[in-house]
Amino acid sequence: MADFTSESKLEQEDSDFCIDDLKKDFQSGPLDCYRKKASFDWFELKVFMEGGEDVVRFKQNVWKTLERDPLFDRKNDIKLSLSERRELTMKRCNRLVDYDFISDSVIMANPLIAQAFNDALGAYDWSSSAKYSLNRQMFARLLKTSSTHEHIQELGKKAECHEIFGCFALTELTHGSNTKAVQTKATYTPSTEEFIIHTPTFEATKCWVGNLGNSATHALVYAQLYTPDGRCHGLHSFVVQVRSTVDLSPLPGVTVGDLGEKLGQNGLDNGFVSFNNVRIPRMNLLNKTADVTPDGKYVTPFKDPNKRFGAALGALSSGRVGITSMAVTNLQSCLPIAVRYSAVRRQFGPPGKEEIPVLEYQMQQWRLIPKLAATYALKYFSRIFYMLHIELHVSLMLGESHESLAELGKEIHALSSASKPLASWIAQTTIQECREACGGHGYLAINRFGELRDDNDPNCTYEGDNNVLLGQASNYLLSLLEAKENGSHISCPFKSADFLNNIDQIMAERFSAKTEQDCRDPKFLAGAYQWLVCNLLKDSAAKLQKELLNGMDHFTARNNSQVFYCRSLALAYIQCTVLTKFKDLIFNEEETPQALRPVLLKLCSLYGGYCASVNDARIVRGAILSLCFELKDEAVALVDALAPPDFILNSPIGHSNGKAHENLHSAIMQNPKNQERISWWKECRQRPIVRDRSKL
């Protein structure tokens with residue numbers, strides 16, 4: 001059994017030293033030549049992109065605290081069994097409770113701190129981040145904010161200090177993305193004032209529930225609510241105890257267990273659970289958006305059930321909003337490794353001259369720098385999108401039920417259903433590109449690309465398969481077009497689709513980009529993406545209508561309109577939104593420092609990059625390559641502004657000192673097992689040649 005005990009300083013030192021240290025120039029070394037070429041101050045850009053110096057200070061304090069604590073020494077992670085890995089992750093989560101990084105008062109002062117903590121911890125280890133946040137920031141927060149009952153709110157407080165441990169049980173064995181088809185039942189009985197939670201078939205077994213495999217004592221279970229009159233009121237959430245808080249044994253009527261080893265993130269225990277007529281008190285229904293009276297009457301402040309479901313959809317988007325940010329965090333790790341290594345790895349050169357850094361090669365620039373631009377655009381989007389989601393939760397907590405809240409919930413659902421696929425796919429392809437761009441050394445596990453790839457991979461699947469989710473976003477846009485054609489004015493709280501009010505004028509426009517400079521104008525690029533969304537929306541609606549006229553039912557018609565139509569529409573919509581928000585940031589006179597605008601403008605133009613409406617693709621390609629070349633000298637400073645500290649990045653070739661090969665050699669030589677004689681050396685000794693195979 002591994003020994004995970006450690007002496008820890010729970011008294012955190014004043015965090016100002018972290019900022020002071022961070023402001024200093026990096027250690028002098030091979031990266032100096034590029035860092036000196038930067039046209040901006042990397043620390044100013046870091047503070048700007050993080051949303052303020054207090055966020056930077058907070059993240060640095062978290063990282064420095066983990067670095068000082070032996071429990072978080074990565075040497076503990078080497079060759080652990082599945083059980084040992086999960087034990088270590090649980091111990092680390094308990095230690096995080098002791099540190100109390102994100103108290104309610106801290107979050108109230110700056111809501112971005114909660115997102116910053118998830119990103120900071122995730123950059124260290126996604127298993128620990130997921131385990132901690134699923135209990136404290138999803139389970140506990142929802143109990144405290146989504147119920148009027150003091151008992152449930154008290155359970156939320158107990159979850160925060162790990163007196164109980166919670167999880168979020170929505171997905172079933174046969175249903176995930178289609179939440180309306182969830183089969184688990186919650187039937188109310190007035191005589192005892194209880195709900196009966198029941199799993200009607202094995203297909204309704206809740207599965208893939210993070211924390212449920214080994215450690216959860218309580219679950220937030222999503223089930224179809226039935227009142228005594230037999231009427232189903234749709235999906236609602238209920239607090240259900242699944243294990244004893246004393247010895248973790250399953251409670252009567254509860255079958256609960258672990259799904260087993262996964263392809264990655266094995267510090268997190270994903271489990272399954274089924275219920276055999278388990279009784280829970282009436283107050284265990286989270287009742288802010290709907291309730292059941294003691295005599296069994298269903299009550300809700302939403303007159304239209306679709307409005308209640310719309311608000312609920314926004315609340316259920318927490319996971320997808322979080323995954324968008326998780327993907328950005330992964331980008332902030334893989335790109336610094338690849339760019340820093342490309343700046344010091346020398347290969348070939350002009351005849352008679354010394355070899356040049358591979359970052360000087362156009363091919364390397366073309367492979368990495370557009371991904372860097374996408375990271376900056378997505379990082380800003382994930383920040384403001386998170387704040388939008390917080391706005392929805394605050395409104396629900398305050399008991400607001402106005403129509404605009406439902407509209408906000410629908411828009412957040414649509415955006416998260418598109419941003420999660422976009423961000424996770426970009427991270428997936430970028431990690432692979434970075435790995436390949438670092439040559440053979442990128443394939444060594446010690447340089448972390450494999451870990452980043454495996455940890456990012458589930459982002460493409462959980463909380464909804466990416467391709468399935470894109471259908472949710474396109475459905476939203478098709479509903480907006482239908483409403484407009486019926487005379488309604490489109491007014492989205494986040495303004496992501498308001499331009500559809502001018503769809504006919506936009507589609508009538510013809511763009512005549514004649515120079516590379518035309519293709520670098522963010523306003524032109526944003527307009528081009530709006531044109532693309534409008535055209536794809538019209539085409540998708542026409543395709544859908546054609547299928548309906550051919551006698552297809554509505555479901556089949558939508559199914560036959562996905563590839564080349566609705567899927568492309570959803571991706572264009574989220575790309576348009578991300579680009580537009582990034583563009584608006586750059587031209588915001590009050591928010592954006594003048595010194596940062598030139599480099600941000602180039603990043604925005606490069607992200608906008610391709611536009612199908614430009615007739616001459618050579619102009620677009622030329623603009624992309626020119627921007628890559630111009631940003632080449634900025635690239636090291638750009639990743640410096642994104643990168644976590646070396647303890648967190650944990651990659652010899654990505655170290656901020658730029659001594660990639662020296663670091664790698666040292667790391668290899670420091671592992672005592674690398675030079676040990678193998679225990680099975682006899683199998684490798686020279687064997688006599690056996691010429692008569694019949695003697696074998």
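Select N663 to start: leaving out residues up to four places away in sequence, N663 touches P652, H655 and N657, where contact means heavy atoms within 4.5 Å. This is a predicted model, in which local features need pLDDT of at least 70, side-chain atom pairs count only at pLDDT 80 or more, and totals for chains, interfaces and linings use all residues. Residues are numbered from 1 along each chain as its sequence is written, and side-chain values use heavy atoms, with hydrogens and water left out.

Stay with N663. The residue sits in helix α24 (residues 660-670); helices (H or I, at least four residues) and strands (E, at least two) are DSSP runs, numbered from the N terminus. The side chains of N663 and N657 make a polar contact at 2.9 Å. N663 counts as buried because its relative accessibility is 16%; buried means under 20% relative accessible area, exposed over 50%, and partly exposed in between (1.4 Å probe, protein chains only).

Next, select E463. UniProt, in an unreviewed entry, lists E463 for "active site"; such annotations may be inferred rather than shown by experiment. E463 lies in the loop between α14 (449-456) and α15 (466-485) and is partly exposed, with a relative accessible area of 30%.

Move to helix α5, residues 82-99. Its end C-alpha atoms are 26 Å apart, in agreement with the 26 Å that its 18 residues should span at 1.5 Å a residue; the expected span is 1.5 Å times one less than the number of residues. Among the buried residues of α5 are E84, R86, L88 and Y99. Their cover includes α4 (53-68), α7 (112-124) and β7 (254-258). Just after α5, D100 takes a positive phi of about 50°.

Now select L45, Y376, L500, F582 and L600. These residues have the most contacts inside the largest nonpolar core, which has 149 residues; a nonpolar core is a set of buried Ala, Val, Leu, Ile, Met, Phe, Trp, Tyr and Cys residues joined through side-chain atoms within 4.5 Å. Helix α12 (residues 362-397) gives the largest share of this core, 16 residues.

Finish with the aromatic rings. Rings of Phe, Tyr and Trp (its six-membered ring) pair if their centres lie within 6.5 Å; planes under 30 degrees apart count as stacked, over 60 as edge-to-face and the rest as tilted. The count comes to 14 aromatic pairs. One of them, W42 and F43, is edge-to-face, at 5.9 Å centre to centre and 80° between the planes. Y124 and F647 are stacked, at 6.1 Å and 25°.

Terms used:
A polar contact is a pair of N or O atoms within 3.5 Å; within protein, one must be able to donate a hydrogen and the other to accept it, and residues adjacent in sequence count only if both atoms are side-chain atoms.
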